[in-house]
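Reader: Hello! Could you show me how to read the charged pairs in a model like this one?

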Amino acid sequence: MARVDKPVLGTRQCPDCGESGSIHLAAGKRGSLYQRCGCGCRQENGRMMQSRFYYEAEWRPDCKPDAPANVYPLEEYREKLAALHERNRAAVGQPDRESQQSREVAPVSETGNEPVTKPDFIPEEKPEAEPENSKKGLIWLGAGLGLIAAIVGAA
Ligand SMILES: [Zn+2]
């Protein structure tokens with residue numbers, strides 16, 4: 001599947017991968033634009049992406065194509081872009097509450113009667129296998145102790 005790129009009509013700094021992508025005119029009647037950059041081949045056909053390709057590209061001399069059919073008028077595009085940036089800022093500014101919570105709830109022994117310690121038989125070189133095992137071990141140990149306590153208590 002050989003794929004030959006259309007001629008480069010311009011370039012556009014890709015806000016996602018940071019590369020200077022090349023802008024091409026896609027085949028077809030719609031006159032859609034697509035971009036090649038570190039993201040790969042970006043051929044989002046939605047109005048916003050087509051508008052961004054069209055308005056944000058630096059066109060090579062005499063290479064500026066007609067606007068794709070679904071491109072927003074410039075004013076509308078600017079408003080939408082501003083709204084988009086506002087949303088992005090809000091999203092990035094949000095503190096990651098979930099991960100903060102899980103950090104605050106430290107994994108101390110949930111039963112409260114067994115200290116969380118590393119079992120001696122687990123070698124230091126394999127730290128990645130340790131947490132799961134020691135946790136399971138403690139749970140079983142706790143369950144066993146609880147069972148013994150119940151038996152002793154019942155006797
Ligand atoms: Zn990119």
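Author: Gladly, and let's start with R42, which is buried at a relative accessible area of 11%. Buried means under 20% relative accessible area, exposed over 50%, and partly exposed in between, with a 1.4 Å probe and protein chains only. This is a predicted model, where local features need pLDDT of at least 70, side-chain atom pairs count only at pLDDT 80 or more, and totals for chains, interfaces and linings use all residues. Residues are numbered from 1 along each chain as its sequence is written, and side-chain values use heavy atoms, leaving out hydrogens and water.

Reader: With which residue does R42 form a salt bridge, its closest N and O atoms being 2.5 Å apart?

Author: Side chains of opposite charge can pair when their charged atoms come close. A salt bridge is a side-chain nitrogen of Lys or Arg within 4 Å of a carboxyl oxygen of Asp or Glu. Here the partner of R42 is D16. The pair links distant parts of the chain, 26 residues apart: R42 is in strand β4 (residues 40–42), D16 in the loop between β1 and β2. Strands (E, at least two residues) and helices (H or I, at least four) are DSSP runs numbered from the N terminus.

Reader: Is D16 buried or exposed?

Author: D16 is exposed, with a relative accessible area of 55%. R42 also meets E44 in a salt bridge (2.7 Å, N to O), and E44 is partly exposed at 29%.

Reader: How many salt bridges does the structure hold?

Author: Six. One of them joins E75 and R78, with closest N and O atoms 3.6 Å apart. These two are three residues apart in helix α2 (residues 74–93), so about one helical turn separates them.
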